[in-house]
Amino acid sequence: MTIKVAIAGARGRMGVEAVKAVGHAADMEIVAILDYKHDGLFLHEEQVNDHGEGYPIYTSFDVLIQEKAPDVLLDLTTPDVVFTHMNEAIQHGVRPVVGTSGLQMDEIEQLTALAKEREVGGIIAPNFSIGAVLAMKFTAYAAKYLQDVEIIELHHNQKVDAPSGTAMKTVEMITKVREAHKQGHEDEKELIEGARGADVEGMRVHSVRLPGLLAHQEGLLGGEGELLTIRHDSFNRSSFMPGVLMSIRHVMNDKELVYGLEHILD
Ligand code: NAP
């Protein structure tokens, strides 16, 4: 069976990679592009045209669903539209696969409840990189035994949120196994505000933003006379595509919305 995929955000940096990856997958077909402009035009190799070459662009999700009946909506857009897209997708039985960051926890809960009620599979993945998700899991596993932890996440300087969604998710996973406690010297003082990073139950989280970087994270776990470092680097956006394809295949056989790629890795 061929999975019919609609892509929102196809002109963006992630979207361009996704169009290539989904377009080349033997078991998938891109049936339409959801956009807020270029209605009735076509997208072909990153260019919009009016002569019918490439994938048809729709600005109305309703019309897109009626005419193209996608199985999956892959959303790689912006925080201000992702909730509306997902809500509409689930209402119509279209499975959302979402990489867009910025959804609030209460919105995720609302969408999870709706997906459960409608029995629609879906995934919100703060990080589609399989290596990054494994690094998150390994860090959380190690934190059970080495409970003094500092997370350093490093990203390109166009990123607007800090800490990254991946760091937030790592921290959430660690807090489930690590007993809350203050790290460092009990009389520690910051001579420059922020020097010790953000404080999550005593664990520290640091965000680095520099041109040249893409997405990187290091978990440092200290013990008596030892240090365990778990590091992951995404060097380009193609690193996210195996996770995108895995997610699209997964949601076809699921009936609920999951938050985090780690839930679909064995
Ligand atoms: P980007 O280059 O800014 O692309 C976003 C695209 O969405 C732009 O082409 C934008 O169009 C388009 N867009 C805006 N509103 C839209 C709407 N209503 N309908 C359809 N398209 C719309 O950003 P990016 O770097 O590709 O990242 C996209 C999202 O993925 C971000 O939230 C980012 O944080 C996230 N991300 C996730 C992962 C992951 O692994 N989960 C990895 C990297 C990035 P215009 O250009 O015309 O504004």
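This is a predicted model: local features need pLDDT of at least 70, side-chain atom pairs count only at pLDDT 80 or more; totals for chains, interfaces and linings use all residues.
User: Is Val171 buried or exposed?
Analyst: Val171 is found in helix H6, which spans residues 165-175. A residue counts as buried when its relative accessible area is under 20%. Val171 has 9% relative accessibility, so the class is buried.

User: How far apart in space are Val171 and Met203, C-alpha to C-alpha?
Analyst: In sequence, Val171 and Met203 are 32 residues apart. Their C-alpha atoms lie at a separation of 8.5 Å.

User: What area do domain 1 and domain 2 bury between them?
Analyst: The domain assignment gives domain 1 as 3-124 + 238-264 and domain 2 as 130-235. Eleven residues of domain 1 are in contact with ten residues of domain 2. Carbon and sulfur atoms account for 63% of the area buried between the two domains, and that area is about 830 Å².

User: Which side chains meet in a salt bridge?
Analyst: Across the interface of domain 1 and domain 2, the rule finds one salt bridge. The N to O distance is 3.2 Å, within the 4 Å cut-off. The side chains that meet are those of Glu262 and Lys169.

User: Which helix gives the most to the side of domain 1 that touches domain 2?
Analyst: Between the two domains, three residue pairs are in polar contact. On the domain 1 side, the leading contribution is three residues, and it comes from residues 241-251, helix H7.

How values were computed: Residues are numbered from 1 along each chain as its sequence is written. Side-chain values use heavy atoms; hydrogens and water are left out. Domain bounds come from an automatic or database domain assignment. Contact means heavy atoms within 4.5 Å. Buried area is the accessible area (1.4 Å probe) that two parts lose on being put together, summed over both. A polar contact is a pair of N or O atoms within 3.5 Å; within protein, one must be able to donate a hydrogen and the other to accept it, and residues adjacent in sequence count only if both atoms are side-chain atoms. Helices (H or I, at least four residues) and strands (E, at least two) are DSSP runs, numbered from the N terminus. Buried means under 20% relative accessible area, exposed over 50%, partly exposed in between (1.4 Å probe, protein chains only).
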